[in-house]
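Dear colleague,

I am passing on the structure we spoke about, and my notes on it follow just below. Please read them with the model open beside you.

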Amino acid sequence: MASIIKREQTLDKLFSGVTFSAAFLVLAVIVSIFISLFWESLTAIDAFGFFGFISSTAWDPVREVFGAATTLYGTLITTLLALVMAIPVSLGIAIFITELCPKFLKPIFGTAIELLAAIPSIIYGMWGLFTFAPLMGEYVEPLLQRIFGPIPLIGHLFSGVPLGIDILTTSIILSIMITPFIASIVRETFALTPVQLKESAYGIGATRWEVVKDVIIPYSKAGIFGSVIIAMGRALGETMAVAFVLGNKHAIATSLFDASATITVTLANEFTEADSDLYLSSLFYLALILLTMNFLLLAIAKTFLARKRKI
Amino acid sequence: MTEIAKRKIINTCALSLACAAAALGLFWLIFILADVLRHGITCITPGLFLNEAAPPGMAGGGLKHAFIGQLLITFFAVLIGIPLGILGGTYLAEYGRHRWIGRFISTLSDIMISVPSIVVGTFVYAIFVKPLGHFSGYAGSLALAIIMIPVVLRTTEEMIALVPWEIREAAFALGAPYYKVILQVVYRGAATGIFTGILLAIARIAGETAPLLFTSFNNMFLTTNMNEPMPSLTVTIYQYAMGPYDDWHEMAWAASFVITMFILGLTILGRIIIHWRYKN
């Protein structure tokens, strides 16, 4: 009897140990990703430093001078534009699903929006390159240019030859890709609003929109903020869709119709072609910067969403 | 009265905008899917699945090599990723549920789910491809497994947490040790959920391109040797779409069609199973 109990206890310890090791692997992998990327970046860090690297606009594989400014700029500008377009649309979708959609349609419509998130990014890239970019270049962008071009300061944003392979097209595609992420998280936090709060607002005569604007949205602030940051992380790290339609040009673009480059696209296009240690190391350095930005953003988002859940 | 009328108008406008946003979301989905369908369906021929790549311009080429490569890479990724993910999720939901390390790893996995997949590619390049000196199918599987593990781990954790604690207590009362309770009671209760999680995780990695670019790389020829550079559908789509030939573009569309249908099918199947199992 005692030996059976002993054996079972040992087996239990063993199983607990095995499951712990599997869980611990996640921690180990994250730490080793940081360490190995840092290790591989050392050559570039030695050569360019940190502020020197992120402030330099040079990207010249021939002379072996590298800087992250152009790709960082491309990454941030496309992400910000995508967010500007995605946030109102996703809020609208969340409002529609929680407040307006007939009950039987809810799961169907919810799934449809989530399918947008399931479509792989390479498909967004194919569609963007062969269908959407030509449409933009031929119809939408010339139209925008005609409307906004003559206006003094704003006009400059719409200057250049509209080819469709540019920042504007990329941002729109990115915004479509991140919309379902914001919409589904916001929708969940919207649903957490206590019914009593909503009913008391209706009770004093508020319209449906006023309930959304003054009760539901303020109540869901943390969730909205968290979801936006998660979406930002997505957009920063998006590779394939952007690789098809951004044009991979290392320059600080001032027009929406200029081609640009992001960290991810630079990695995708140049990683296997990097022929010198410094070149490859600079690419690893870019990856490290991207990973760090992404990690910090997600950590911030997590604390916001966790705080919401505790209330 | 005018104040009320004004508020009513604002209400109608705002809610119409919300409807418009919803319509816009649906519009993009239909636009993209219809486009993939329109371009892809005409290029689906038996030859696509049965033939290997032909030189550009020559008729009769297919993507057999890419299909087989994709299957092999995914298979090995699943082989590494699923057991580790399930075991890790078991720790988080059972042994480690009240320990700080459990909560910490759970949060960390959530963050890791959002780590850009191309960064995972560079990592695997640094620790696997560079030391070995060549691209390989195994490296691609490793990259996909790393992406997959946190996804499986978190769904397993959530699904196991849904199993009522009383059921475990009933088993404990019979004198069962914890590991037997987990293996024979908890897993049985959470099986459908975990299975769905696996489906969704496979759907997630099946469309990944970026982590394969510099791990499994690409190959124009059929190979079943996982130690060699391996073609995959997604990388082939990228290469063919960026290439100058029309028949390459057609093949890229055909592959896009197949991959989209596969992923959407898995995703919808997963949703239906969840809906059916957890509707109450």
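Predicted model: local features only at pLDDT ≥ 70, side-chain atom pairs only at ≥ 80, totals over all residues.

Turning to the interface as a whole, 72 residues of chain B are in contact with 67 residues of chain A. On the chain B side, the element that gives the most is helix H1 (residues 2–41), which supplies 20 residues. That side of chain B, where it touches chain A, is made up of 50 nonpolar, 17 polar and 5 charged residues.

As for chain B itself, its secondary structure consists of 11 helices and 0 strands. The radius of gyration of chain B is 24 Å, well over the 19 Å that the globule rule gives for 280 residues, so chain B is more spread out than a compact globule. Taken along the principal axes, the box filled by its C-alpha atoms is roughly 70 × 70 × 35 Å. Of the 280 residues in chain B, 50% count as buried, and among the contacts in chain B with a separation of 6 or more, 75% are between residues 24 or more positions apart.

Two residues deserve a look at their backbone angles. Phe217(B) is not a glycine, yet it has a positive phi of about 60 degrees; it lies in the loop between helix H9 (210–213) and helix H10 (233–242) of chain B. Phe217(B) has 22 other C-beta atoms within 10 Å, and is therefore buried, since the cut-off for that class is 20 or more. In chain A, Asn248(A) also has a positive phi, near 45 degrees, and is likewise a residue other than glycine. Asn248(A) sits in the loop that runs between helix H11 (240–245) and helix H12 (263–270) of chain A, and it counts as partly exposed because it has 18 C-beta neighbours inside 10 Å.

With best wishes

Definitions and conventions: Residues numbered from 1 in each chain as written. Chains lettered and ligands numbered in written order. Contact = placed C-beta atoms within 7 Å. Helix = DSSP H or I, 4+ residues; strand = E, 2+ residues; numbered from the N terminus. Nonpolar A, V, L, I, M, F, W, Y, C, P; charged D, E, K, R; others polar. Buried ≥ 20, exposed ≤ 12 C-beta atoms within 10 Å, placed from the backbone. Rg over C-alpha atoms; globule rule 2.2 N^0.38 Å.
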